[in-house]
Amino acid sequence: MNVNVPADAKVYLQDQRMTLTGARRRFVTPEIKDGKELVYNLKVEIERDGRTVSKTAWAAVKAGQEVEVTVSFDAPEAGARVASVTPSRGR
């Protein structure tokens, strides 16, 4: 799972804070059996103007598949898409 976030963001995967840093973070899931799909909860927090802002996304991952998750906090309006999940081709 490749996660694109602001470089200063805190990232939580399944409610557990991850230690990787930077704007692009790569997480490898435990083995997934063929034909199965696991859904991962991703929470991203940033500090802006002295307060914490958070967003949540869900990513479904199948065996052998890479998923690209992008969480943005720079949406020009409240209704704009702020997270996207894109399945990539299997490896």
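Start by selecting V28, T29, V61, G64 and Q65: of the 15 residues lining the largest pocket, these lie nearest its centre. A pocket here is an open set of points on a 1 Å grid over the protein atoms alone, with protein on both sides within 12 Å along at least five of seven lines, and lining residues have an atom within 4 Å of a point. Before you go on, know that this is a predicted model, where local features need pLDDT of at least 70, side-chain atom pairs count only at pLDDT 80 or more, and totals for chains, interfaces and linings use all residues. Residues are numbered from 1 along each chain as its sequence is written, and side-chain values use heavy atoms, with hydrogens and water left out.

Back to the pocket. The volume of the largest pocket is about 240 Å³, counted as the space filled by probe spheres set on the grid points, which are joined across faces, edges and corners. Its lining has seven nonpolar, three polar and five charged residues. Asp, Glu, Lys and Arg count as charged, Ala, Val, Leu, Ile, Met, Phe, Trp, Tyr, Cys and Pro as nonpolar, and the others, Gly among them, as polar.

L38 belongs to strand β5 (strands are DSSP runs of E, at least two residues, numbered from the N terminus). Beyond its neighbours within four places in sequence, L38 is in contact (heavy atoms within 4.5 Å) with I32, A59, A60 and V61. Its relative accessible area is 36%, so L38 is partly exposed; buried means under 20%, exposed over 50%, and partly exposed in between, with a 1.4 Å probe and protein chains only.

Next stop: N2, in strand β1 (residues 2-4). Is N2 buried or exposed? N2 counts as buried, because its relative accessibility is 4%. Show its side chain: there is a polar contact with the side chain of R26 (3.0 Å), and another with the side chain of E66 (3.0 Å). A polar contact is a pair of N or O atoms within 3.5 Å; within protein, one must be able to donate a hydrogen and the other to accept it, and residues adjacent in sequence count only if both atoms are side-chain atoms.

Finish with two loops. D15 lies between β2 (10-13) and β3 (16-17), with phi near 70°, a positive value in a residue other than glycine. D49 lies in the loop between β5 (37-48) and β6 (51-62), and its phi, near 55°, is positive too. D15 is exposed at 67% relative accessibility, and D49 is exposed at 83%.

Note on methods:
Helix = DSSP H or I, 4+ residues; strand = E, 2+ residues; numbered from the N terminus. 1 Å grid on protein atoms, 1.4 Å probe; cavity = no way out; pocket = protein on both sides within 12 Å on 5 of 7 lines; lining within 4 Å.
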